Amino acid sequence: MKNLRLKYKLAIIPKDTILFRKAPDNGIYESMYFSFNSSGTYSSDFNSGPIQQWKTKQTIISRLIVKGKISPLIYGTDLEFCYHQFCGEDKYYLDVKHRHNPKCKDFLASLKNIGIDSWVTSIHNGTDIELHLFTDNNKNLIQFKKNINNEKNRIIINKDSFNKVILLDPKDYT
């Protein structure tokens, strides 16, 4: 598992980056999923909830957990590989991150043990990009801004903040 830190690019998410989420409330939890655009929120379990706008309070250094680009702006997730490294079990990438996966909490703990406490990957292979924060201090990293009304906030709804993310090869910084 330790070699995973060098396998994946660093994803530097600058302070004040806009993130989107759907959830039943705007609480801050130990494990939180965000999209870099509002269309990524439609994969949420909470599709009937409003789209929430959040922003980063400081720069977040994450890992781009992908196995490569499917096209210039579309990445394939590599969560299956990481999960297999953790428990030797093949699991579909959506099942890896599903909150009802009985091994998910232990999987996230094992990633934390090697210094990975968040990831950036595709929500569904070949679609929007997500940020999953599972740090011990999410309240210091992100803050809720507002619920978004689709009709009144078309400019915000069409925003994609992934273009602000800086990708670096970790081998250059070890």
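**Exercise 1. Determine how many aromatic pairs the whole structure contains, and classify the pair of Tyr83 and Phe86.**

Step 1. Rings of Phe, Tyr and Trp (its six-membered ring) pair if their centres lie within 6.5 Å; planes under 30 degrees apart count as stacked, over 60 as edge-to-face and the rest as tilted.

Step 2. For Tyr83 and Phe86, the centre-to-centre distance is 6.0 Å and the planes are at 55°, and the pair is tilted.

Step 3. This is a predicted model, in which local features need pLDDT of at least 70 and side-chain atom pairs count only at pLDDT 80 or more, while totals for chains, interfaces and linings use all residues. Residues are numbered from 1 along each chain as its sequence is written, and side-chain values use heavy atoms, with hydrogens and water left out.

**Exercise 2. State where Tyr83 and Phe86 lie, and decide whether each is buried, partly exposed or exposed.**

Step 1. Both residues belong to helix H2 (residues 79-87) and are three residues apart, about one turn of the helix. Helices (H or I, at least four residues) and strands (E, at least two) are DSSP runs, numbered from the N terminus.

Step 2. Buried means under 20% relative accessible area, exposed over 50%, and partly exposed in between (1.4 Å probe, protein chains only).

Step 3. Tyr83 has 0% relative accessibility and therefore counts as buried. Phe86 has 25% relative accessibility, so Phe86 counts as partly exposed.

**Exercise 3. Explain why the pair of Phe107 and Trp119 is tilted, and state which parts the pair ties together.**

Step 1. The ring centres of Phe107 and Trp119 are 6.5 Å apart and the planes are at 45°, so the pair is tilted.

Step 2. Because Phe107 lies in helix H4 (residues 104-113) and Trp119 in strand S8 (residues 118-122), the pair ties together parts that are 12 residues apart in sequence.

Step 3. Phe107 counts as buried at 0% relative accessibility, and Trp119 counts as buried at 0% relative accessibility.

Step 4. One aromatic cluster is formed by Tyr33, Tyr83, Phe86, Phe107, Trp119 and Phe134.

**Exercise 4. Describe how H2 and H4 pack, and list the residues that make the contact.**

Step 1. Two packed helices are described by the angle between their axes and the distance between the axes. Axes are lines fitted to C-alpha atoms, for helices over the stretch in contact, and angles run from 0 to 180 degrees between N-to-C directions.

Step 2. The angle between H2 and H4 is about 90°, and their axes are 10 Å apart. H2 is therefore roughly perpendicular to H4, a class that covers angles of 65 to 115 degrees (under 35 counts as roughly parallel, over 145 as roughly antiparallel and the rest as oblique).

Step 3. Cys82, Tyr83 and Phe86 of H2 make the contact with Asp106, Phe107 and Ser110 of H4; contact means heavy atoms within 4.5 Å.

**Exercise 5. Identify the ring over which the charged end of Lys7 sits, and do likewise for Arg21.**

Step 1. A charge sits over a ring if NZ of Lys or CZ of Arg is within 6 Å of the ring centre and within 35 degrees of the ring normal.

Step 2. The charged end of Lys7 sits over the ring of Phe81, at 4.1 Å from the ring centre. The charged end of Arg21 sits over the ring of Phe34, at 5.5 Å from the ring centre.
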